[in-house]
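Subject: Structure for you to look at

Hello,

Here is the structure we talked about passing on. Please open it first; my notes follow below.

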Amino acid sequence: MAFVVSIVLLVIISIALQLFTPWWLQPIASNWSGIDATIDITMWVTGFVFVAVNLFLAYCVYRYRYDKNRRANYEPENKKLEVWLTGFTAIGVAALLTPGLFVWASFVNVPEDAVKVEVVGQQWQWAFRYPGADGVLGTADTAYVSPRNPLGVNPNDPFGQDDLVVEDKEMHLLMNQNVQLLLRSKDVLHDYTVAPFRVKMDMVPGSVSYMWLEPTLAGSYDILCEEHCGLGHFIMRGTVFVDEQADYDAWIAAQTTFAETQAVAEGNAQAGQANYAICSACHGVNGEGNLALNAPKLAGQEDWYLRQQIRYYKSGVRGTHPDDVYGAQMAPMAATLVNDAVINNVIAYIGTLPDNAAPETVTGDLANGADLYNSTCGTCHGDDGSGIWSLHAPALAGMTDWYLVRQLQNFKSGVRGAHPQDQQGYQMTAMVSALEGDEAINDVVAYINTLR
Amino acid sequence: MSYIPIADQTDEMHDPHTFIAKYVWSQDHKVIAIQYGTVAVAVGLVALVLSALMRLQLGFPDSFAFIDPAEYYQYVTMHGMIMVVYLLTALFLGGFGNYLIPLQIGARDMVFPFLNMLSFWFYLVSVIILMASFFIPGGPTGAGWTLYPPQAITAGTPGADGGIMLMLASLAVFIIAFTMGGLNYVTTVLQARTHGMTLMRMPLSVWGIFVATILGLFAFPALFVSAVMMTFDNMLGTSFFMPAMVSLGETLDHTGGGPVLFQHLFWFFGHPEVYIVALPAFGLVSDVLSCHARKNIFGYRMMVWAIVAIGGLSFIVWAHHMYVSGMNPYFGFFFAFTTLIIAVPTAIKVYNWVLTLWEGNIRLTVPMLFACGFIFTFVHGGLTGIFLGNVTVDLPLSDTYFVIAHFHMVMGVSPVMVLFAALYHWFPKMSGKMFNVTLGKIHFWATFFGTYAIYLPMHYLGFLGVPRRYYSMGTTDFIPESANTLNANITMAAIWVAVFQLVFIFNMIWSVWRGKKSDPNPWEATTLEWQTPDNPPCHGNWGAELPTVYRWAYEYSVPGVVDDFVPQNIPAKDVKTVDGSPYIGHED
């Protein structure tokens, strides 16, 4: 009896959960409502079968419970019943399959007017490429990948010169315009998923996969990677904005073309020396850092990282959090570097400064620090702490250790990394959760001190 | 059947005389079965602990700093692979296959006892290799149980230096072990059936195990070659699966390989693997249901053909795991079609199980509770498969918690319900003792409710769009606080289920040691294993003379017969009827 009641109860709970669930498909933001319709049909048909079979099961267990004075019925087969059930099931299955195949057919066939946009995946970041004025994407290959050309756009392809290279976790799509996303990966498998769009597709290194949609609801949506891509799979995040025409045009106009990214002149160290004077007041003449003034060491840090951080200070991505006291000091200083050329010059000058390891001020449990570093930090920052440009992971070894401690604390408390445009900030806030308490932070930084 | 070439020859008996020959280097299928079963359950407990750790992280993402992302991915991977291959496959085929095939077809042993012994020891070696990966620098692989390259062997994945190599080596050894066992099972079923045991008189347990073994013999080689090819890619620098790529800023030497090729090979193994686990479960549960419902299995012939049909179809549906893999999307039409065809024979099996209960005389024993619980969980898991098999619906749901919930219901909970049904059902035969019924019922209720509490709500996280294989969700703009609460509750349910498995372990150990002596045929079953002269059966199973089979395995509640069951090996003339008239049984 308990079993019968349980089955009935579980059936009721299942139905109730389906009817009153607070967790359901998000409001759809694309043309793929056919998918939702197919889910609804499937839910109704399978729901009916679920209820019918299980209530019948409960009924049998109740009605035919053991009675020593009764005999079970002896009926080896019932051909007629079996044929009926088979036919009925086959029809039901066909009814479920057919509408789905029609939707699939339209998914597979891309409309001719669809605009092509490229999505590039890599461990553990998104990047995007839009065709320029010519409307055609240039060719690309991993063989061309370099710090100056992170997407591997073919520099010899005339169609690629005006492509808009968006090395940013945010992309924009135009509302009510068919778009074909061409999906490419530089390293391992990834998967481009925006849940309100309903459709998703893996990105396979060595080939280009695709999917298409028509965004129908303005707003911003998370881009998640949904194919396991290694340690940082869960922090590979992006955002897609579905824009009205004016917003979209404005965003497109603000992007840089591939040709522009290639034309930026190398920094001039000599010219940068003069601009560095203002930096040297705090960071030291040799960029060695100054604990008393809360200025970290700059010499030996990777140029792309310095460039990115100066830009963040200038644009308010960094240094604007109310509790970021030292960041607030840096922001107006960064503003004195008026344009990209000046920034590049200063960074080129910093590159000429002698890279001597900063003095050690932090101590901790080295064994624990090594464990933490190797399992959590080393994959991106390198086993030797020298940083990896393609992951946007700066050098740690030999840098000012007190500064590392403070930044880890900032990531933990949200003082740093919470700004939506901070590319890797989110990743750091997620990874520092593996460091519990100040001791773990000291341990890991003490270990980094041994890597110099 | 007049030709019994091996089983009848008494010089093939190899009676063991020393303790070691009897219990360690044993060639007796029953001992090997228990060895397989014990190792499988032990390694399964490891996987259970891993799942509990993984759930702790998911339910309480900020509370367990000792679980870092690398470890989380290692737990996920090892949990999946252990459960699918080293527990379920090994326990159904190595355990129940070994135990039941000779006993249910009336043979003295497997036809190749020495090979059978080797099979177990290779299996043990594969388990040891797999466990060793926990103790090497870098730890076990965290590539996910699907081991997709390039990620599985590149630096951004935990265990990419040593763990993955041990995983591939362990799989290769496991497949060797399986092949030795599998050839044995197939040959034994075909060659060593006793007098009168035609194929269409075999219990469905044997049918399920037999067809599953054939599937395994065809499917595992695909995994074997992919393991070898990936090893070559990693150690010799070949590029079977490795395209040109920039891994963590470094351009690798590989070029031109196809990551999707691996997925095809993997799922050409992986989908039949689902049925390598499911078909023995279908068979075993059919026998348990029929016996405890005191009624013949409904539509035996249809059940046999459904097993064969499902087995055949399982080889042409594999790419339904790859709808969004970036393969040519036109494949979706074909594989959605074949996949949904499988729903038909599968549905027939479900109908026939409940129709077996219809007009039965149901004894709700502990094994029967698990068997009926299986019907419920399998119906649920099977129906959600229709969502994912339908290529369009798979688009939003693949790689979300819906997938996790689906395959745990259909391939985790359901086969495990059958395993428990079968373990309780055959425990009196294997040990000669009866288990504690109260503990058995506690185990059932805790497991049945607990697992449904884990997986039913998980489907809805999938609808919401929560992705699988995420160490933590962090901040998103679509996951409400209630979903995090739900995740925490799912974890509580998972811990609850895990803890209650200790009741089962305790019950088994205690009952072997202190349990009441069992009748030789406590469930009043018809099949041959319950008719052995000794309980538990001795070496050679049948004493001086092999049994002769006169009818099918489901002669329950025949009208006019005194007992409500007629064993397969009782001649018609010895069957007592109420009015003394001659007994006419089932015609096959």
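Chain A is divided into domain 1 (2-68 + 77-108), domain 2 (115-263) and domain 3 (269-449); domain bounds come from an automatic or database domain assignment. This is a predicted model, in which local features need pLDDT of at least 70 and side-chain atom pairs count only at pLDDT 80 or more, while totals for chains, interfaces and linings use all residues. Residues are numbered from 1 along each chain as its sequence is written, and chains are lettered from A and ligands numbered from 1 in the order in which they are written.

Domains of chain A

The C-alpha centres of domain 1 and domain 2 of chain A lie 39 Å apart. Nine residues from domain 1 of chain A and 13 residues from domain 2 of chain A make up the contact (two residues are in contact if their C-beta atoms, placed from the backbone, lie within 7 Å). On the side of domain 1 of chain A that touches domain 2 of chain A, six residues are nonpolar, three polar and none charged. For these classes, Ala, Val, Leu, Ile, Met, Phe, Trp, Tyr, Cys and Pro count as nonpolar, Asp, Glu, Lys and Arg as charged, and the others, Gly among them, as polar.

The sheet in chain A

Chain A has an open sheet of five strands in the order 4-10-9-6-7, with mixed pairing. Its edge strands are strand 4 (170-174) and strand 7 (200-203) of chain A, each pairing on one side only. From one strand to the next the twist averages 25 degrees. Helices (H or I, at least four residues) and strands (E, at least two) are DSSP runs, numbered from the N terminus, and two strands pair if DSSP finds at least two bridges between them.

Strand 4 of chain A pairs with strand 10 (residues 237-243) of chain A in the parallel sense, over five bridges. Within strand 10 of chain A, Val240(A) is the bridge partner of Met171(A). Helix 4 (residues 245-254) of chain A lies across strand 4 and strand 10 of chain A, at about 135 degrees to strand 4 of chain A. Axes are lines fitted to C-alpha atoms, for helices over the stretch in contact, and angles run from 0 to 180 degrees between N-to-C directions.

Between the chains

The contact takes 98 residues from chain B and 92 residues from chain A. Helix 9 (residues 331-357) of chain B gives the largest share of the chain B side, 13 residues. By class, that side of chain B has 61 nonpolar, 25 polar and twelve charged residues.

Leu340(B) sits in helix 9 of chain B. Leu340(B) is buried, with 25 other C-beta atoms within 10 Å (20 or more count as buried, 12 or fewer as exposed, and in between as partly exposed, with C-beta atoms placed from the backbone). Leaving aside neighbours within four places in sequence, Leu340(B) is in contact with Val93(A), Leu96(A), Leu97(A), Ile386(B), Gly389(B) and Asn390(B).

Chain B

Chain B is divided into domain 1 (364-518) and domain 2 (519-588), with 36 Å between their C-alpha centres. Eight residues of domain 1 of chain B are in contact with seven residues of domain 2 of chain B.

The axes of helix 10 (residues 366-389) and helix 13 (residues 437-464) of chain B come within 10 Å and cross at roughly 10 degrees. These two helices of chain B are therefore roughly parallel to each other (angles under 35 degrees count as roughly parallel, over 145 as roughly antiparallel, 65 to 115 as roughly perpendicular and the rest as oblique). The residues of their contact divide into six nonpolar, four polar and one charged.

Regards
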